[in-house]
Amino acid sequence: MISYALFGVLALVAIAPIAVALSASPNAISVVYGACLIVTLILFLLALETLFSHPAASTVTLPLGLPWLGAHFRIDPLSAFFLVTVNLGGAAASLFALGYGRHEEAPQRVLPFFPVYLAAMNLVVLADDAFTFLVSWEFMSLSSWALVIANHRVQENMRAGYVYLLMASFGTLTLLLAFGLLGGGDGAYAFDAIRAAHPEIGTAALVLILALIGAGSKAGLVPLHAWLPLAHPAAPSHVSALMSGVMTKVAVYGFIRITFDLLGSPQWWWSLVVLGVGGVTAVMGVLYALMQSDLKRVLAYSTIENIGLIFASLGLALAFKAYGMDAAAALALTAALLHVFNHALFKSLLFFGAGSVRAATGTRDMEQLGGLIHRMPQTAFVFLVGCTAISALPPLNGFVSEWLSFQAILLSPQLPSWGLKLMVPAVGALLALSAALAGACFVRAFGITFLGRPRSSAAETAQETDTNSLAAMYALAAACLIAGVLPGLFIDTLAPVVQQLTGGRLPVQTGAEWMSIVPIAESRSSYTGMLVFAFMFITGMITAFAIHRLASDKIRRGPAWGCGYPDASPLTQYSASSFAQPIRRVFGSLVFRAREIGEMPPPGSSAPAKLTVQVRDLIWDALYAPIATAVGFIAVRLNYLQFLTIRSYLTLVFAALVILLMVLATWP
Amino acid sequence: MAVITDFAQQSAQMLLVLLMAPLLTGFVRKVKARLLSRQGPPLLQPYRDLIRLLRKDVVLANNASWLFRVIPYLVFAATWVAVSLVPTFRSGLLFSWTADLIAIIAVLGSARFFLALAGMDAGTSFGGIGSSREVMIASLAEPAMLMIVFAIALIAGSTQLSTMSAFMNSADVGLRVSLGLALIALIIVAVAENARIPVDNPATHLELTMVHEAMVLEYSGRHLALIELAASLKLLLYVSLIACLFAPWGISPAIAAPTLLLVGAAAYIGKIAALGFLLAVFETSIAKMRVFRVPEFLGAALMLALLATLLRFVSRSF
């Protein structure tokens, strides 16, 4: 199995030189994305087969990399599940790009890196030793960085790429240290050796923190998220979808692999850290999202929120695992993994929608959009499905994972530790708050972009997007619905993964009546997505039919009523920022120090009134700005070293040598 | 045979709530009017309004999209399904396991999500102001509601409404601090969710403080009838929820003689009337709040509910 997967990865890498060779040809886009689509689909089916048949883990060692180590690869249920997610996202993005790629200004800057990026993400999930893992991880970072700055003439993109590169290097550094600690002095970097050696409590704690920083910075945990809302929107939309929907999940994989698999049995207080960071990330992410008017940036911040949700569930799973409550740990971990899968579906869908809007109107600024439901009805429909799913509304899939998380929280009073007894309800409240705010965020995103009247001539004359793009979006929307109405199937598929990591599993779901899901017992809680969907659909249909037959089905068109005030200009509509104003006032005055300053002209003057809104990013101001200032300060001081004479340099080199030798001599 | 009677009782519940919802709205209006020494509209006026609206043509705004025409049916269907799953006269109905209380709240959330979208569809500033304020209120009311569910679910050991209501009817409940806090929070959330005074005024138009009515301003004819009916159903849902959790007396168990069912139905109607009366008294004795006082009001509910949940985590006896 593993060798087939590696051949797939090799095929993806091989597409890159073809893309370079073809770059001048007009067929390059179809060839490259078509090939990517086929390979990722094969890899997807392969991984799915592994997940269903769950044979023993298959491994292979290639004579690459470190001479005494070789490159280890392995496929087990956990990596098979993440392979499914990665390649499903990759296949959808390739299909979308078959159409969307034609709107690209410089396709030759995107084409060679796209298959490499896909290959790198696959490799991270397959790697079975620290060296291969880190090389693939860095490979993934660099190829995505190249894609972020594909449109390099835009100054903003270059800045995004710069910040991304810095944060990615920092994240890899912490992971390097984490693996260094895990591998120990002997350099036992194969995951099998790491698993066999149980680190001491202190070392394990340090590894956990380093892994949380390293994987968390890639996934977008607050406060390490600063690069994400810059880099994800800067890339072409199909790459944004991959970065947000898939790459953040690869980071989650890294965290799960280290904490649940390699580190051995967890301590209870680890979960405290993960839960806290997850809960805060969820709320901060969605609050940031509500303040943005760039559609893709809204989606990027919403990714941060969902990552927070996933980490909160992971924290809960760690807590249960630490106390040996296997069934509860299985429930929390299932919730996290299901959300990983669900988020990959709907976030890719939403980024595709945003890309289609960008291609049709030339802008991502919601203040310039509006009324697109008339011009792009199909895109509007699938985007609406995505918005409903991500807002955790039944009967779609986002609700299922959210519901499972809440059920896991309801099991946690049995946890004996006091810290957790106080932490879990607080995190529960944060998750509930973030779910409600996500609803508000996506009412705003859909309502301002697609509803109302067009706010610019570009929005007025937009055209529906092409069939390939629509096919990709419809496929993902259908997947969202299926995962929402038949969640039992997906939970059962996850069972081997959960069993591998926690030792427990949920009861078999597929046998339940009407495909309902029952995490513990029916008298305790159950949810039947299919019946909720069927009831809503049938009652809605019957009502519509009855009313049209028995009462009236006539429709007249007229100008909007609006309480009798004619407002001719579309500028009198609510805009993205005015829609968020009540929430900005309620939450933002605390979190962002949001201030509104109104300047009224004196009576009699015909000067316009002015409203200025100040929103501060406190995390940037408190964490990143001081570091940037310090680095700048040191750089200016060190600049002095650049203009020394050759004699001074020789003296410096000599002094350094002497100091090093002295340190070595006195080393115990 | 058992399936057929179960099915009949589930259908009876669906019809009962559909028929009672406008009556409750009419009853609350009537009591409010009497408390203000007015005659008030007849008790059956909401039915007449609905029938008249159903017969009228729909006037759509020029800019209204297909979504605008679908949403009334969607909102109505979601609300009706949600209220059908709340135990009224009998617990453990045929489909009661379809959705637990968290899912019922989320189904109502779906209805609100789409209604807020409808407010933005016509492209008027009134619709926008309504939707924008509605999501602000929801962003506090929904977490508060979830924390209330958590608190009660932790006491009852279940999120399944039938089980919860049966537990609350048993002797194991006792007087608990967390239940008291949850009840106060639930009342605040119910008032806010149903756009009642002091959060919103269901009887007003042309006022900058209106929320729900501004959002549905562009609706007319049968669409408006469905939205009004859905609003009545939602009020009935919250009143039934309070009744089945905090006054579960008389609810007939899953397998019961017909007389018990009749007792259950009578008890239910009595409870709804009593709670409707209390709502009217509450509404007449309090003034409408400024919009930006509402977050503080709902924040209090959120804190009370969080406190109730926290108490349950700290000790099993609270």
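## Interface between chains A and B

In this predicted model, 70 residues of chain A are in contact with 74 residues of chain B. On the chain A side, the elements that each supply two or more residues are helices H14 (372-375), H16 (397-411), H17 (418-450), H21 (529-551) and H23 (581-591), together with strand S3 (555-558). The most is given by H17(A), with 14 residues.

By residue class, the side of chain A that touches chain B comprises 39 nonpolar, 22 polar and 9 charged residues.

## Strand pairing across the chains

Strand S3(A), already named as an element of the chain A side, pairs with strand S1 (residues 58-61) of chain B. The pairing is in the parallel sense and runs over 4 bridges. Within this pairing, Ile555(A) stands opposite Val58(B) of S1(B).

## Nonpolar core

The largest nonpolar core holds 371 residues, of which Ala144(B), Ile148(B) and Ala305(B) touch the most other members. Helix H13 (residues 326-361) of chain A provides the largest share of this core, with 22 residues.

Around Ile148(B), leaving aside residues up to four places away in sequence, the residues touched are Ala182(B), Ala185(B), Leu186(B), Val189(B) and Ala305(B).

## Confidence

Chain B has a mean pLDDT of 91, and 98% of its residues reach 70 or more. For the model, the scores are ipTM 0.95 and pTM 0.95.

Key
Residues numbered from 1 in each chain as written. Chains lettered and ligands numbered in written order. Predicted model: local features only at pLDDT ≥ 70, side-chain atom pairs only at ≥ 80, totals over all residues. pLDDT = per-residue confidence, 0-100. Contact = placed C-beta atoms within 7 Å. Nonpolar A, V, L, I, M, F, W, Y, C, P; charged D, E, K, R; others polar. Pairing = 2+ DSSP bridges. Core = buried A, V, L, I, M, F, W, Y, C linked by C-beta atoms within 7 Å. Buried ≥ 20, exposed ≤ 12 C-beta atoms within 10 Å, placed from the backbone.
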